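Please read them with the structure open.

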Amino acid sequence: MANVGVLGAGSWGTALSLLLHDNGHQVTVWSISEEEVKMLSEKREYEAKLPGVKLPRELVFTSNLEEALTGRDFLVLAVPSPFTRETARKMRPYIKEGQIIVDVAKGIEETTLMTLSQQIEQEIPQADVAVLSGPSHAEEVGRGLPTTCVIGAKTEKTAKYLQSMFISRVFRVYISHDILGIELGGSLKNVIALAAGIADGMGYGDNTKAALITRGIAEIARLGVKMGGKIETFTGLSGIGDLIVTCASVHSRNRKAGYLMGQGKTMEEAMKEVNMVVEGVYSAKAAAKLAEKYQVSMPIVEQVNKVLFEGKNPAEAVDELMLREVKSEH
């Protein structure tokens, strides 16, 4: 049995906390919100985000950061990507040398173009930082539906240790050393999912969705390989796997936000209605900057940015994608 601290009591942090508890580990969950801690401690259910998922009494919830971090075998960082750096900075005084921290959020920092693990390493240089990603909606993990993910770590020892902590009869875990590729796949797929949602909101069909998924992974892989990621990563769970589920699922907040924009709402209106952090909105500008920096063609990402931040009509964006200069597929 491991002693685990989970940072972030949103849907994903809560679902993973339940998974780890069911695997026999002692789990303490931290939230910055005392109100959220009180609600979860008393109700034992996150009705707004994970309705029907009962949380056992053994799960401990706290708003005391030091309590959540001290004496833990490993930590799970599950705060939304815009708050990763700030949370890591607050964590640093309590982190011992070699402390394993597995980040489970997905995003790229717009100002620095750093992945989340790179941000954590910068703020907590003494930590052993790993990542977990793949096609995994919290709503399904919380209900114990079969799910498969991949853990990326610098050493095989850390990767195998975390694999043994998370794996269960309903949560299969693979390992990889390609941390960068895993994070790029997990972050950039959210931008493509916004495009898929916009297409759904406009009433387009399965042909359109298939095209966006296929050409979307081509864009992600082009950039990822240019940056040093492995092509196998982008054809795997944290690449095409995560892209498929995020573009197609009713649980996807990125797809839902895109859907609302496809129906005519502004980006701000869509984010307000989704009422959760829409990671793709925060990663879109970073993706466009990376494409420019590495001189990689990413037309879908480019058009998503124009719709999000320049008020471009989605129908015009589709026309521009369809009527671009003709070329070979490969």
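1. Strands β4 and β5 run parallel and are joined by 4 bridges; two strands pair if DSSP finds at least two bridges between them. Helices (H or I, at least four residues) and strands (E, at least two) are DSSP runs, numbered from the N terminus. This is a predicted model, in which local features need pLDDT of at least 70 and side-chain atom pairs count only at pLDDT 80 or more, while totals for chains, interfaces and linings use all residues. Residues are numbered from 1 along each chain as its sequence is written, and side-chain values use heavy atoms, with hydrogens and water left out.

2. β4 also pairs with strand β1 (residues 3-7), again in parallel, through 4 bridges.

3. β4, α4 and β5 make a right-handed β-α-β unit. Right-handed means that, with the strands pointing away from the viewer, the path from the first strand over the helix to the second runs clockwise.

4. Both faces of β4 are covered, with Phe74 and Val76 buried on one side and Leu75 and Leu77 buried on the other. Buried means under 20% relative accessible area, exposed over 50%, and partly exposed in between (1.4 Å probe, protein chains only).

5. How many aromatic pairs does the structure hold? There are 3. Phenylalanine 74 and tyrosine 161 form one that is edge-to-face, at 5.9 Å centre to centre and 90° between the planes. Phenylalanine 74 lies in β4 and tyrosine 161 in helix α7 (residues 156-166), so this pair ties together parts that are 87 residues apart in sequence. Phenylalanine 74 is buried, at 0% relative accessibility, whereas tyrosine 161 is partly exposed at 27%. Phenylalanine 166 and phenylalanine 171 form a tilted pair, with 6.5 Å centre to centre and 40° between the planes. Rings of Phe, Tyr and Trp (its six-membered ring) pair if their centres lie within 6.5 Å; planes under 30 degrees apart count as stacked, over 60 as edge-to-face and the rest as tilted.

6. Phe74, Tyr161, Phe166 and Phe171 belong to one aromatic cluster. Phenylalanine 166 is buried at 0% relative accessibility, and phenylalanine 171 is buried at 1%.

7. β7 (147-152) has 5 of its 6 residues buried, so the strand is largely enclosed by the rest of the structure. With β6 it pairs in the antiparallel sense over 3 bridges, and valine 131 has glycine 152 of β7 as its bridge partner. With strand β8 (residues 171-176), β7 pairs in the parallel sense over 6 bridges; threonine 148 has arginine 172 of β8 as its bridge partner. β7, α7 and β8 make a right-handed β-α-β unit.

8. Which residues of helix α5 (residues 116-123) are buried? They are Leu116, Ser117, Gln119, Ile120 and Glu123. Seen down the axis of α5, these fall within an arc of 160°, so they line one face of the helix; the arc is that of the directions from the helix axis to the C-beta atoms. Their cover includes β4 (74-77), α4 (84-91), β5 (100-103), β6 (128-133) and α8 (179-201), where contact means heavy atoms within 4.5 Å.

9. Glycine 144 sits in the loop between α6 (138-142) and β7. Its relative accessibility is 30%, so glycine 144 counts as partly exposed.
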